Amino acid sequence: MRPIAEDEKQNGSGDKGQNFLDHLIVNIRGGKGGNGCAAFHREKFLPFGPPSGGNGGRGGDVYILPTPELTTLASVTKRARGENGGNGQGTWQNGKNGAPLVIRVPLGTIVRELPRNDPRRAKDEWEAEAEALEELDTPDKQAKMRDRRWVHYPRYSESNVERDAFKEAEQMLYKQERERRYARRKRELEQPIYLDLDKEMQSEDDSNVPLGLSKKEALGYLIASGGQGGIGNPHFHTQENRSPKFATRGHEGERITLSMELKLLADVGLVGMPNAGKSTLLRALTGGRAKTEVAGYTFTTLNPVVGVVRVAADGNFEGGLTEGMVHEETQIEMAQTEAKMEEGAFSDALTRNQQAHFALPERGYGTGHLFDVVEHFRFSIADNPGLISKASENVGLGHSFLRSMERSLALVYVVDFSGPAPWDEIAVLRDELEQYLPGMSKKARMVIANKADLLGGDGDDTSVEDAQLKLGRLEEFVEKELTIVDEEGNRRCLDVVPISAKFSQNLKQVVSLMQEYVTEARDDR
Ligand SMILES: Nc1nc2c(ncn2[C@@H]2O[C@H](COP(=O)(O)OP(=O)(O)OP(=O)(O)O)[C@@H](O)[C@H]2O)c(=O)[nH]1
Ligand SMILES: [Mg+2]
């Protein structure tokens, strides 16, 4: 595992700073404006030309764009900065505007501006300056502040500051600055940034773009404006001051600290200890479409992964069509595929679509990838990182990822049925859910006893009998310990289903039960 950087520890992601990225603190800065220029037009036989310094370009703005292709916040950097504006130059050349920066986040991200009193918030542009000047005495401070705001024509910096024209301009500048600062504070207090990004943004008027121009892509929501460009010296030209020898520097861009949180919205959440086979189950239920890592070690899954289960009217589901498919560890799969590829085994292989085209007819689903035609119901399942005892005390990956399951319609426990005491596992899971959020375990509807293929030995009578006894014991435990009594006093027993995720056994029942829970919960909403 890669070492955890210091700032990562502080940023609150997954409380312990692991790679689990559903929560992130991001420091954002608009680009700095380019400086104005103090210059004079020079031409042969025209010794005292007019002031000709260009303005600085604007700093780039920073936007946030909800993007359906993303599923985690992993691609978001902790610091983001708009491009700086270019400096103005002589002969009235204005600086180039800084390019905007677009931060892409997955749908379901909640973006919040951190308030002033939050210790994780970075200083804004004014606080940063105040801090930099803290140690200095008044004259030094004044000089420094001037330096940061003015550009002088060469060798005029000292005489400039004595002149009334400059003093007036300086007063004006500070006044405008105070106004900006006030407006900004007010905005921060009255309308702190809060975005609940559930929908994709449409790009503007796409169809009628003239040939040769790219269509205008949506940039997203403006978060931090870039600084204004500085003003060139022609601006300060007046009757009294015909040769202004100063220009202003560009403004700093806005600095904002955001917290981003990704809430996953899956209908069913899988809860289980590491290695119980949650990821394998998700792969099996989605016909391998959900690309979630499977491996024989604990904490394979670090980020929740959501997959969609598509169910046909007859209760079949997409994964069920690929009967006989074994959901092996993905790493092995990858290695095997790679080896085959090197041998050239795929040179004339069918593409995925072709495979579907040829595989489906004999199963009675017509040609092509026709599952859509018979799809009757769909729901989503979230595969989660493993939950262990004391997760609430931040052991393992902690339990902050449960946040993404708070809104699931139903929860399903997955336990390794081949283990010595699967019932104890369930009790731990239930307790951890309750630790996290009292009442959360009431959402549990089913216990999946996975890896049932490991029981029953070679099919001889005694081991089959043992397996049945074990299942009986599990059912008894679930009935006794996990029966849920709702507000109206109704008792509800959890369903217990033995399966093998790896060998796709008994999954149809799992799907049909899940479908039932989801339908019920959706109706209640
Ligand atoms: N024999 C057998 N092995 C299984 C079954 N399901 C999963 N496994 C194996 O169990 C191991 C763990 O599976 P994963 O799906 O990665 O488990 P997980 O619950 O997602 O684990 P974490 O992500 O670490 O929480 C892998 O080696 C799987 O191949 C099953 O039904 N039968
Ligand atoms: Mg997993």
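With 18 C-beta neighbours inside 10 Å, Asn 275 counts as partly exposed, a class that lies between buried (20 or more other C-beta atoms within 10 Å of the residue's own) and exposed (12 or fewer), with C-beta atoms placed from the backbone. Asn 275 lies in the loop between strand E11 and helix H6 (278–285), where helices (H or I, at least four residues) and strands (E, at least two) are DSSP runs numbered from the N terminus. Although Asn 275 is not a glycine, its phi is positive, at about 75 degrees. Most residues other than glycine have a negative phi.

The model is predicted, so that local features need pLDDT of at least 70 and side-chain atom pairs count only at pLDDT 80 or more, whereas totals for chains, interfaces and linings use all residues. Residues are numbered from 1 along each chain as its sequence is written, while chains are lettered from A and ligands numbered from 1 in the order in which they are written.

A second residue with a positive phi is Trp 92, whose value is near 60 degrees and which is likewise not a glycine. Trp 92 is found in the loop between strand E3 (79–81) and strand E4, and it counts as partly exposed because it has 17 C-beta neighbours inside 10 Å.

Turning to the chain as a whole, the secondary structure comes to 13 helices and 18 strands, and buried residues make up 39% of the 525 residues. Of the contacts with a separation of 6 or more, 75% are accounted for by residues 24 or more positions apart, a contact being two residues whose C-beta atoms, placed from the backbone, lie within 7 Å.

Strand E2 (residues 62–67) runs antiparallel to E8 and is joined to it by 3 bridges, and the bridge partner of Ile 64 in E8 is Tyr 221.

Strand E11 belongs to another open sheet, of 6 strands in the order E12-E13-E11-E14-E15-E18, again with mixed pairing. Strands E12 (305–312) and E18 (495–498) stand at the edges with a single partner strand each, so one side of each is left without a neighbour in the sheet. The twist here averages 25 degrees from one strand to the next. E15 and E18 run parallel and are joined by 4 bridges, and Ile 448 has Val 497 as its bridge partner in E18.

Two helices lie across strands of this sheet. Helix H11 lies across E11, E14 and E15, running at about 145 degrees to E14, with axes taken as lines fitted to C-alpha atoms, for helices over the stretch in contact, and angles running from 0 to 180 degrees between N-to-C directions. Helix H12 lies across E15 and E18, at about 160 degrees to E18. The buried residues of H11 include Trp 423, Ile 426, Leu 429, Leu 433 and Tyr 436, and the buried residues of H11 pack against strands E11 (268–272), E14 (410–416) and E15 (444–450) as well as helix H12 (461–482). At 1.5 Å a residue, the 15 residues of H11 (422–436) should span 21 Å, because the expected span is 1.5 Å times one less than the number of residues; the end C-alpha atoms are 22 Å apart, which agrees.

Methods:
Two strands pair if DSSP finds at least two bridges between them.
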